[in-house]
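I opened this entry to keep track of what I looked up. I wanted the sheet first, then a few single residues.

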Amino acid sequence: DGTVLQSSQVAYGEIPSYNGEIPARPSEAGNNYLFKGWNVPIAPVSADMEYVATYSDETTTYPISFYDEDGTTLLHKIDFVYGAMPTCSNPTKDDDERYTYSFAAWHPELHEVDGAESYVASYQAHKKSFTITFVDEDGETVLASAQYEYGAIPSTAVPTKLSTAQY
């Protein structure tokens, strides 16, 4: 950036040396800079010379973790590049007696990487439903059939049977 780090008089033919702290360049969003060396090799003095610090540019990465709602680790501290959108396959949750589950969202909402972050999965519960069929005593004639949610009490009209001579 043009800041003078050291200035000195060195005799003709002598090799100059830098006696200051290792040059540093501040990090910028998404990039870290490490001192790499000088723009030209240090050589015996034969004229006025200016050495310029050079830096390697390293993309900043941050650890990102993904957890299931029960705290189970899905991905732990995977390094993602600054500005990238972190990704993880949407997890699944096993059905239980009453509900089926579908993945709902990550919390907090996924966003471009700008620091270390942990995301937790959430699910939407869907009450199970079942087809309940009422069949006449012949085992074939359907009297009623309907979908009922788990826990609901199925009902239908009371069936009737034609009278016979005996009954």
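These notes go from the sheet to the residues I checked one by one.

The model is predicted. I started with the strands and found an open sheet of four, ordered β4-β3-β6-β5, with mixed pairing. I noted β4 (73–81) and β5 (99–107) as the edge strands, each of which pairs on one side only. From one strand to the next, the twist averages 25°.

I then looked at how β3 (residues 61–67) meets β4. The two run antiparallel and are joined by six bridges. I64 stands opposite I78 in β4.

Next I went to the loop between β3 and β4, where D68 is found. Is D68 buried or exposed? I found D68 buried, and without a salt bridge. The nearest side chain of opposite charge is that of K93, 7.5 Å away. A salt bridge needs the atoms within 4 Å. What does the side chain of D68 make a polar contact with? I traced that contact to the side chain of Y123, at 2.6 Å. Leaving out residues up to four places away in sequence, D68 also touches others, including L74, P91 and V120.

Two backbone details went into the notes last. Most residues other than glycine have a negative phi, and most peptide bonds are trans. K77, in strand β4, has a positive phi of about 50° and is not a glycine. K77 counts as exposed because its relative accessibility is 54%. The peptide bond from H107 to P108 is cis, with omega near -5°. I placed P108 in the loop between β5 and β6 (117–127).

Definitions and conventions: Residues are numbered from 1 along each chain as its sequence is written. This is a predicted model: local features need pLDDT of at least 70, side-chain atom pairs count only at pLDDT 80 or more; totals for chains, interfaces and linings use all residues. Side-chain values use heavy atoms; hydrogens and water are left out. Two strands pair if DSSP finds at least two bridges between them. Axes are lines fitted to C-alpha atoms, for helices over the stretch in contact, and angles run from 0 to 180 degrees between N-to-C directions. Buried means under 20% relative accessible area, exposed over 50%, partly exposed in between (1.4 Å probe, protein chains only). Lys and Arg count as positive and Asp and Glu as negative; His and the chain ends are not counted. A polar contact is a pair of N or O atoms within 3.5 Å; within protein, one must be able to donate a hydrogen and the other to accept it, and residues adjacent in sequence count only if both atoms are side-chain atoms. Contact means heavy atoms within 4.5 Å.
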